[in-house]
Amino acid sequence: KVKVGVLALQGGVTEHLNHLNQIENVQVAPVKKPEQLNDCNGLIIPGGESTTMRKLIKHYNFTEAIKAFDQQQKVIWGSCAGLILLAAEIEGENNEQLALLNIKVKRNAFGSQLDSFIDKAVIPKVSDSVQELVFIRAPLITEVGQDIDILYQKEGQIAAVENKNIIATAFHPELTKSTIFHQYFVEKVKSLSN
Ligand code: GLN
């Protein structure tokens, strides 16, 4: 049985835990201390406020622990603020970050005419069924490196990507009824766990 943690410092922790709990054969835990990562196979960094979360990650000594987690080829999913913290570069900012994913992001930029909106789309690699995509002051991915697969883009605006062991979404699958994205993540965790 694989174990998946949700980084529980700030943001939408409970919603991710609730979605993961609906999936069979996964152990689920809120992660409040870096040591807890030792027995996790996957980690979700939730949405919230990336500046606050960045400070808490540093304060609670998660920076090196999450980098080591990535180096062990364990699976990480960052949604929204989580995506921002994983990005190698944030436009117009110079802040210390995890920088594990070869992408450039722009904060509060996706569908810039609206603060928050819900879209509907099929993301073929994830599922054949139409999914609701919930965007809340969402970041836009403006550049991707060679090792990055684009999972979803609309009119040239990139909102979901992955590489070998990291998934990043600008939207919030944990705020919809569907557990499809969480299942996709758990499958990736399983495939890299033995
Ligand atoms: N706008 C937020 C930030 O820049 C992210 C929003 C979210 O996670 N829903 O941190």
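**Notebook: the annotated active site**

I began with confidence: the protein chain has an average pLDDT of 95, and 99% of the residues score at least 70, pLDDT being the predictor's confidence in each residue, from 0 to 100. The model is predicted, so to speak of local features I need pLDDT of at least 70, side-chain atom pairs count only at pLDDT 80 or more, and totals for chains, interfaces and linings use all residues. I number residues from 1 along each chain as its sequence is written. For the complex, the predictor gives an ipTM of 0.92 and a pTM of 0.96.

I then looked up the UniProt record, an unreviewed entry, whose "active site" annotation covers Cys80, His172 and Glu174; such annotations may be inferred rather than shown by experiment, with positions in the numbering used here and feature names shortened. These residues are spread over 95 residues of sequence, yet they cluster in space, with a largest C-alpha distance of 11.2 Å.

I placed His172 in the loop between β12 (166–169) and α5 (180–191), and Glu174 in the loop between β12 and α5; helices (H or I, at least four residues) and strands (E, at least two) are DSSP runs, numbered from the N terminus.

I checked burial, where buried means 20 or more other C-beta atoms within 10 Å of the residue's own, with C-beta atoms placed from the backbone. His172 is buried because 23 other C-beta atoms lie within 10 Å, and Glu174 is buried because 26 do.

Lastly I listed contacts (C-beta atoms, placed from the backbone, within 7 Å). Leaving out residues up to four places away in sequence, His172 touches Gly12, Gly47, Ser79, Cys80, Val134 and Ile136. With neighbours within four places left aside, Glu174 contacts Gly12, Glu15, His16, His19 and Ser79.

Methods: A residue is buried if 20 or more other C-beta atoms lie within 10 Å of its own, exposed if 12 or fewer, and partly exposed in between; C-beta atoms are placed from the backbone. Two residues are in contact if their C-beta atoms, placed from the backbone, lie within 7 Å.
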